[in-house]
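Good morning, and thank you for making time for this presentation. May I ask you to look at the sequence and the structure on the screen while I speak?

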Amino acid sequence: MCELCEVISPTMTVSLPEHSSKQYASADVCIYCGSRDNLTKEHIVAKSLGGRWTYPNSSCAECAAITAKFEGVYARTVLGPLRMLYNFPTRRPKERPTHLPLKFQFSPNGPLEEVMVPRSEYPFLVTLPLYPMPLLLDPDAEGHGEGAATSKLWIRGTKFANGLDAQLQKLCSIVKARAVMPTGKVSADDVCRTLAKTAHAYCCAELGVNSFTPFLLDIINGDLTDRSKLIGGGIGDEPPGDQLHEIDIVRSHEWSEDLLVVRIRLLSSLGAPTHHVVVGQLK
């Protein structure tokens, strides 16, 4: 066992508000492709993110495999350490490690070396893409990249009682290192596809599958050509919310009344950014 693991015990207690529980009426059709065969329950917010809003018989097995894949990448890469820190649900709890690798520098201009750190003390970074408002809502919005590309990111670290900087100094002191490098990963494609899937499923559950003409199915299936038109927002710091996740349909005189727009703030209680998603056109 490394020196750090011997000195630090995972005593930090962390918690998040629990996502409210809700079960919608059965869809009896796949909300993504229209199939009525091999239907399964959909979690509007991914179960891996603590989501507890369920939508029975709303996704066929083929579409469920597609959404599970990109939601899984988002949960594992972007939010992996966070999910472990807060004990978010996992299908493989026995595979969840108790320690995670962190890179330290021990000499001036020396290489970075990995040391295993208890996950309760791990100074992870969460990195999410930021965009201007969707072009369908603000045609004059500037700064959109191609597809899911962005030049702006929201980056935040674990909240410790004495602050993140104090935690990093503490870790360096214990292992006698000069510096530590917390890291974060982001897959903008998978984040955008998760936002699109969440918004689409939410509107189907709330309003009915046939209540609008959907705009997001291509994005959900991996074509992000129209991302800048349909998904954006989230620029600027926001205070933490009271809920784990915030999702609601929004109306505004600033855009056409027949546009169906959803405001999504996943992990609101951690101060995560708000995104706006144009789900479709109301019939």
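Let us begin with a pair of charged side chains. R265 and E246 meet in a salt bridge, with 4.0 Å from N to O. R265 belongs to strand β12 and E246 to strand β11, so this pair ties together parts that are 19 residues apart in sequence. Please keep in mind that the model before you is a predicted one.

How accessible are these two residues? R265 has a relative accessible area of 5% and is buried, because buried means under 20%. E246 is buried as well, with a relative accessible area of 16%.

Each of these residues has a further partner. E246 also forms a salt bridge with the side chain of R263, at 3.0 Å from N to O. R263 lies in strand β12 and E246 in strand β11, so that pair ties together parts 17 residues apart in sequence. R265, for its part, forms a salt bridge with E238, and the closest N and O atoms there are 3.7 Å apart. E238 sits in the loop between β10 (231-232) and β11 (246-250), while R265 is in strand β12, so the parts tied together are 27 residues apart in sequence. E238 is partly exposed, with a relative accessible area of 27%.

Which residues make up the network as a whole? E238, E246, D248, R263 and R265 are linked in a network of salt bridges. A search of the whole structure finds 9 salt bridges.

Rolling a probe the size of a water molecule over the atoms shows where empty space is left. The structure holds 1 cavity of 30 Å³ or more. About 60 Å³ of space lies in the largest cavity. Which residues line the largest cavity? They are Y74, L128, V191, L195, I264, R265, L266, A272, P273 and H275. Two elements, α5 (188-207) and β12 (259-265), each supply at least two residues of the lining.

I155 lies in strand β7, residues 152-157. With a relative accessible area of 42%, I155 is partly exposed.

Next, consider the backbone. N109 is exposed, at a relative accessible area of 79%. K176 likewise has a positive phi of about 60° and is not a glycine. K176 is placed in the loop between α4 (164-175) and β8 (179-181). K176 is exposed too, with a relative accessible area of 61%.

Is F70 buried or exposed? At 2% relative accessibility, F70 counts as buried. F70 and L16 are 54 residues apart in sequence, and their C-alpha atoms are 24 Å apart in space.

Thank you for your attention.

How values were computed: Residues are numbered from 1 along each chain as its sequence is written. This is a predicted model: local features need pLDDT of at least 70, side-chain atom pairs count only at pLDDT 80 or more; totals for chains, interfaces and linings use all residues. Side-chain values use heavy atoms; hydrogens and water are left out. On a 1 Å grid over the protein atoms alone, a cavity is a set of points where a 1.4 Å probe fits but cannot get out, and a pocket is an open set with protein on both sides within 12 Å along at least five of seven lines; lining residues have an atom within 4 Å of a point. Grid points are joined across faces, edges and corners, and a volume is the space filled by probe spheres set on the points. Helices (H or I, at least four residues) and strands (E, at least two) are DSSP runs, numbered from the N terminus. Buried means under 20% relative accessible area, exposed over 50%, partly exposed in between (1.4 Å probe, protein chains only).
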